[in-house]
Each structure stands twice: as structure tokens, then as C-alpha cells.
Amino acid sequence: MMKHSCAFLLLWLGGLLAVNAQTTFVYRGQTLTISERALLVEAEADSARLAQSAYVYRSVREALRAAEGLQQSHAYTEAEPLCIYIAPSVYWLDNPDDPDVRKPRPGESTPFGMELTLSHLRLIGLADRPEDVVLACNRGQTQGAEGNFTMLHLTGNDIQVENLTFGNYCSVDLEYPLNPSLNRKKRAEAIVQAQLIICRSDKVVARNCRFISRLNSCPFSGAERALFYHCYFECTDDALCERAVYLRCRFTLFSGKPFYSTRGTGAVFLDCDLHALTGGRQYLVKVGSPVAMVDCRWTSRQPNLFIGWTQDPTDDLRSYQHNLTLNGQPLLVNADKPWLTVDMTGKPILKAYRLCDADLEAGDASIPYNVYNLLRGNDGWDPLRQASVHGNATASAPDCRPHIPTQLSLSARAATVDLEADIVPNAFGGIGIQHTGSVGASATLLRRLDVQWEEAY
């Protein structure tokens, strides 16, 4: 296999990328000009290469800082975003050889490798294999850091990443086959909280990416809406993005609760493969909250592995499934308490997640899932451009992606509540208006409240 060498001419993986001595490069047949809208990162760029353009960098860290500055002087949009193209190598966003312990800012609890404010950002690895372009750190709780060290904190909307590996190698060995000299052993044998990306963002998309860590991996945790498409995850507990659609993704689960909890409309798995390595029971969430799984395949070395939504579900919890298997056999999640599971097979609600056979005949069988419905929100966000394929509903061409709500939320119209008059103790525990979540014996019930109904997608 060709070794990594970036000079005046790069030929990667059969012509995937070609860079000439000028300020243009070809990526997948498209000629791109290095500019304030297209930054290029080459780990081995020499001084002559750097002199050719102010927008060529040796490190992703440098490029991200430059991008943050560019956003102060340039108007980027969803149609014209800021793209950072990254040649194959391993890029450390935090110096693994620095002996200093990373500490959080005063008054905060989480130390970060980088904190960035960026919107309309694209990070694109210049390789078909995400293993070839690695963004790395190797710190975690008590291991080079005080607190749950996190590689990145992002503030900003419309973030897309593609063909990249995001890895926190605190508890995992970094292996880089393209150039084994870049391999690095894990910082510690202990499995500690070693996080990847926490964000305050909406409209996040990851395509063909890998997210590698163990405890609290947090790939874009905090996103209001996120789509992971053809991605791979390795993790233990409290790890996954809690409000996202996972489409055709693969998971290796090293322990029993990959979510601490989900939120909003929850987490949705569509056509995914999940391999459970847990030695006991396998759950999805630690704290009861909504999950939906459609056309997913579980595998395990345990032929009869128990799979449940959460370890201590309340009777009002409901999660949704359709066409699940475990080691090739039909699977009902939480089979010991079947009322917790809504099997959508043959029910109208299934069209909120999966298109029916008639819809597939419309010409979009490659993605037979209603991702647009699940992510459109109130602004019509359509990361897979599904709506544009079929158009809006008309008498002659009914919309095959109907707007079907997947959650009902309640909110009080009254600005204030008379606690003595309107709240009474719930002596029974678990009976209330809360749709999901944990309701204990000390919970309360609201009465005589005027409420309004909202649809949530």
C-alpha cells in the first residue's frame, strides 16, 4: 500500500485526490480552487507548498482556527459553506506529548481540546476510507485531564463532516495502517470518560465517519437534530448522540447502555447493524426515554441475549420497533414487558419512519426511509434532499413522505401555577402526563391545567 507523502503532487487511492503546484486541486472529478471557501490541510506540506496559498495548512487545528477567523469577515451559507479538505494522516487536536494536565475553565466542569464558534462548516476527508483521515486526542477523566476531557466543543449550526475518523485514544490503541509510524498506544488501560464532540448546534450531518472511544464518547452530543449516515461507532455507556437519526450505521457496543438518555423526539435507528459484546443484559438507555428501531440487525455471541429499552422502565414508557432480528431470529425488545414496545408492523405510524412499497415504486428505493419526516422540524430541513425528489403533495401526485408526528408534548398555557391548588402528591408513582422518562414514588401530578398540544417531528 502506498505510504503517506504529501508534496507538490498527491495521488490518493486511485485518483481520489490530485493536487498540482498551482492553487487548484481535483477531488472526485471536481476541480476546486484553494481559497477562503476551500481550505486544504496537508500534514507534510513543505514551506514552498505553504507559500503557494494562505489557505494551506499542516494541521487541522490551524485550519479550524483560521476558519473561525474567516467567519468574522466572510458570509458563509448552507449553499456556500466553508469547506476544509483534509489529506490522509493523523491530526492531533490536542498535543498527546504535552505533560500538562488539561483543566476546565473556572466555574466549568469539562476541559476541551478546542472550543470553536463556526457555522456552515464542512470537514471533508480526502479518502474513501474514513480510517485514512484521523482527528485524534488521547485524554480522559483522571488521565491527562481533570474532568471528562472532550476533543471539541462546537457552537454553530449547519455542520457536516465526511470521510473522517474522530478518535479519543485515551482507552483505545490508535492503529493507522497507511503509516504505522503514526500508531500510538492508549494512554491508560482504565476505561474512563473520554469524549469526542459536544456541540450547541442544529442541522448536524456525519457521512461515512468513524467515532472511536469507549465511555462517554459523545459524537456531537447536544445537537438539536443530527443525521449519521453510513457511520461506525465503538463505545461503552453514556455514549451516543441523544437526538439523532442513525441511518445504515454500524455499532460495536462494549457495555449495556450506550445512551444515558435520549431527548426530544429521541433516537431513531434505520437499517443499522448492532453488535453487542456485553456480558449481561443489553439495554439502549440508562434513563427511560424514547427510541425507535426499524429494519435493524442485532448480533451477539450470546444466542439468547436479552435486549431491553432500559433497565428500570416505568409503565408509561413506549418505544417503537419494526422488523428487528437477533442473530438472524425475530426480536421483540423488552419481551418480558411487551407493553413497553409498540410493534409498528401494519400500523399507519410506520410511515413516519419507513416508506411503504407503493412509495418505493416512486423511484427512491435506495433510501426507503422517511428521514425528511423525522428531521424536517418546523423549517423543512432535508439533508438527503428527499422532498425535492418527490415534491409536495398534490391531487395528482400525493406526497409519499407524509408529515406524521412521532411525539406528543404538553405545555401549560398558564404562566404560573398555584402549587397548593394545582399540584398533589402522586402516591402511586408512575402515573402522570409525562410521555417518557422516570417517574418515582415521590412524583407529582398536575391537575386543572389548561394545556396546549404540539406536534413534534
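Start by selecting Arg 263 and Glu 242: their side chains meet in a salt bridge, 3.8 Å from N to O. (A salt bridge here is a side-chain nitrogen of Lys or Arg within 4 Å of a carboxyl oxygen of Asp or Glu.) The two residues sit 21 residues apart and link distant parts of the chain: Arg 263 is in the loop between β23 (250–253) and β24 (267–270), while Glu 242 is in the loop between β21 (232–235) and β22 (245–247). Strands are DSSP runs of E, at least two residues long, and helices are runs of H or I of at least four, numbered from the N terminus.

A quick note on what you're looking at: this is a predicted model, where local features need pLDDT of at least 70, side-chain atom pairs count only at pLDDT 80 or more, and totals for chains, interfaces and linings use all residues. Residues are numbered from 1 along each chain as its sequence is written, and side-chain values use heavy atoms, with hydrogens and water left out.

Is Glu 242 buried or exposed? Glu 242 counts as buried because its relative accessibility is 14%; buried means under 20% relative accessible area, exposed over 50%, and partly exposed in between (1.4 Å probe, protein chains only). Arg 263, at 27%, counts as partly exposed.

Next, pick Asp 295 and Arg 354, another salt bridge, at 2.6 Å from N to O. Asp 295 lies in strand β27 and Arg 354 in the loop between β31 (341–343) and α3 (357–360), so this pair ties together parts 59 residues apart in sequence. Asp 295 is buried at 7%.

Last stop: select Glu 78, Asp 202, Lys 203, Arg 225 and Asp 379, which salt bridges with shared partners join into one network.
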